[in-house]
Amino acid sequence: MSASVLFDSPGPRTVARHRAYSVVAAVLIVVAVAWAVKGFYDHGQFAYDKWEAFTTPSYVQALLVDGLLQTLLMAVLAIAGALVMGTVLGLGKLSDHRWVRWPAAAIVEFFRATPVLLLMIFIWYALGIKEDSSGFLAVVFALTLYNGSVLAEVLRAGINAVPKGQSEAAYAIGMRKSQVMSIVLVPQAVKIMFPAMIAQCIVALKDTALGAAVLAPGLMRVGKAIYTELHNQVPTMAVVALLYIVVNLLLLWLATWAQKKYVGEKKLQVAMVGTMDTGRGV
Amino acid sequence: MDAVTSNFDLFLKGFGYTLFLFLISGLLSLVLGTLLVACRVGPVAVLRWAGGWYVTLVRSTPLVVVFAFFQFAAPMLGIRFGWVDVHIGAFDFTSFFAIAVVALTLYTSCFVCEALRSGVNAVPLGQAEAARAIGLTFGGTMSQVILPQAFRASVPPLASVLIALIKNTSVAFIFGVGEAVAQMRIMTNNHSSERTTIFLAYAAGYILIVFVFSFLANRLERHWRVA
Amino acid sequence: MRLRKTKAVIAACGLTLAMAACGNAGSGDKGKEVAGKDVKCSDFTGRAAEICKAGKITIGVKFDQPGLGFKSATSDTPTGFDVEVAKILASDLGIDSKDIKWEETISDNREPFLQQGKVDLVLASYSITPDRRKVVGQAGPYMVTGQQLLVPADSKVKDISDLKGKEVCSVTGSTSIDKINEKGAKGVGFESYSECVQKVLDGTVSAMSTDGTILAGFAAQNEGQLKVVGDPFSEERIGVGYSKKATGMCDFINKSLTAAFDDGTWAKAFEKTLGPSGVDTPTPPTLDPCQS
């Protein structure tokens, strides 16, 4: 339902009222922003030396290479791992055999209900053995486990969303279950799942910031090093947030585009954590 | 198991903070999320636009960054939480807790807004048309017809958002709140040989909370299901 | 087509602008290289001899504490007093400072790192305590300070007793935070002290507390805004951490530190790193004898 059916096309008086609301709202927003800008200005947050780091090549390089690149690398590795894990567990949850279905469901539920930060810290301690970049690996593994479990659920929902007639028809022409899955259901499900998968990429990317707690590299860590050295918390935070936002907006735009192109208005019904939903789609 | 059982009071205290964080920021983000969704589907273009950008921006920012903003940048704007100083039993609710609540609320309310919006979209067109036909204003249409049904339709996505909130409370540990993960870290430092057991115990704590909440949400959804 | 051209022009302008506006932030202080001394590895025993022969060492230091152990986002090696002492130790094992692998440690991963052999030594404002000595070896101290309070310049707080029930900031997992709780105040923690300084400056917490040397440095950096108060209410003895399995380590560390105390390299390291922030160089502490 579009917003416009919620209210009549306004008459002259309502138009005037809405215009008044708009003006008031716009003024309030402008005042709030101005107040924030003035607050930062009064505290000298716009002084050049606070921002100088972001025009200094060595710091920009640190932000982009040690920061953004590492963040993206962690996110990409985690998503790749999560895709593999999600496929295995998702198909496991759809298995005809209870002894496959239940363990798969249990793993999915465990990792979906445990905070990523807790997983990260645990993996970090467990990995700590003579290994470089254990923080990096802890972030990648923790995010793989969590996002893999979510994607397993997404895959299951996606396969369930393929109209039942498709699998019935496939069985009717004598396909085996593995054929029904690989030839008929999964290709169609992937299309439906695509936006949800990209949304999960955004989640993974944002969660890499938690890596700061386990000394993993990434934007957050570089940001912290910069403001500890130069005492420019506000500018640094603004720049770091901006970089995250830009990347995420690109992903969001991709997700919206994919939704329009492949799925249309249809919504994927992903089961909530803790429902132990092992219903089969086939 | 010794480390956990002999420090069970700390274990409970940690999850106590987790639950307080969850309940307070959960309620606040439901309220704020509802206001946001009213802005986003409402007739005032400026508010629709502002609400849309606010949700998009905050949703794209990692929670840690939101926390860090309120911890280190907001004081520059005179937004301080030093006045928060409440003590109930063994629990202290001070600026650190307040900042955690604010950060979690602002972050979660955006997702609440999106969940509700999907709920609003799920209400059949005829409902809004009928409401308008009997002469209800936008406020009346929303509060008496659309939102009650939208809330029902959005129970599953809302529950998912709130479950994410339960897990996200763990981020507060990086910013000085003694919730469950903070207690876990103290415990694993003091009893490094029992690290795995301690970890499993805390994971079990979270899983229990999530499952109980999820069970309640399911009951609610069945009870309220829109035919 | 015209649109694309306009975009290209804008992009080119932006690039030129960015090039022209190159800033020059940061001190560019990379710390000094210290060459390894000419030593015979057979003079050492156990693990110390092994490290000497290998010619490389991994040392855990803090990366986020200016003056003690800090690594700038733009630099490959950390700087600070802990780092300088670490270089002295490495040099006495015949290792150039460029062959030292620096590993970041935070307060609560120091023991696991030592136990797992991820680092050979820890010099990360690591207080010697009986509890820690049960799980890891600790030689030294190479610095003795007392825990004091850092408060806003206009604060009426004179002593830790004025802060009963109030929040005092320190670092998670440090001995300081335990002491704060012992004294009746409420310890709240971050991962590094500079975050605490920020909270004291903006008035969210009334005080922060840790080693006096660290506080003096912060007070000097924020002159007129912060001050150090109170008698030291604890004695923090900062030592060198090593694994219990590393034999011969303690003897070597004590010998090396004694030499550094005597020939003035220790004092020089102190002046170079903590001196600029206004801390007077103290007399070298007395070392604990090695427990066998």
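**Close-up 1. Crossing of helices α5 and α7 in chain B of the predicted model**. In this predicted model, helix α5 of chain B, which spans residues 95-122, and helix α7 of chain B, which spans residues 138-153, have axes that come within 8 Å and cross at roughly 115°. Because angles of 65 to 115 degrees count as roughly perpendicular, α5(B) and α7(B) are therefore described as roughly perpendicular to each other. The crossing in which α5(B) passes α7(B) is right-handed. Where the two helices meet, α5(B) contributes L116(B), G119(B), V120(B) and A122(B), while α7(B) contributes I146(B), A150(B), F151(B) and A153(B). Sorted by class, the residues of this contact between α5(B) and α7(B) comprise 7 nonpolar and 1 polar, with no charged residue.

**Close-up 2. The contact between chain A and chain B**. In this view, 48 residues from chain A and 56 residues from chain B take part in the contact. On the side of chain A that touches chain B, at least two residues each are supplied by α1 (12-42), α4 (98-113), α5 (116-127) and α10 (233-263) of chain A. Of the elements on this side, α10(A) gives the most, with 10 residues. The side of chain A that touches chain B is made up, by class, of 35 nonpolar, 10 polar and 3 charged residues.

**Close-up 3. The two domains assigned in chain C**. The domain assignment divides chain C into domain 1, which is formed by residues 41-144 together with residues 237-277, and domain 2, which is formed by residues 146-235. A distance of 26 Å separates the C-alpha centres of domain 1 and domain 2 of chain C. Where these domains touch, 16 residues of domain 1 of chain C are in contact with 17 residues of domain 2 of chain C. On the domain 1 side of this contact, the elements that give two or more residues are β2 (64-65), β5 (121-127) and β6 (137-152) of chain C. The residues on that side of domain 1 of chain C divide into 6 nonpolar, 7 polar and 3 charged.

Key: Residues numbered from 1 in each chain as written. Chains lettered and ligands numbered in written order. Predicted model: local features only at pLDDT ≥ 70, side-chain atom pairs only at ≥ 80, totals over all residues. Axes fitted to C-alpha atoms, helices over the stretch in contact; angles between N-to-C directions. Helix = DSSP H or I, 4+ residues; strand = E, 2+ residues; numbered from the N terminus. Parallel < 35°, antiparallel > 145°, perpendicular 65-115°, else oblique. Left-handed = near helix turned anticlockwise from the far one by under 90°. Contact = placed C-beta atoms within 7 Å. Nonpolar A, V, L, I, M, F, W, Y, C, P; charged D, E, K, R; others polar. Domains from an automatic or database assignment.
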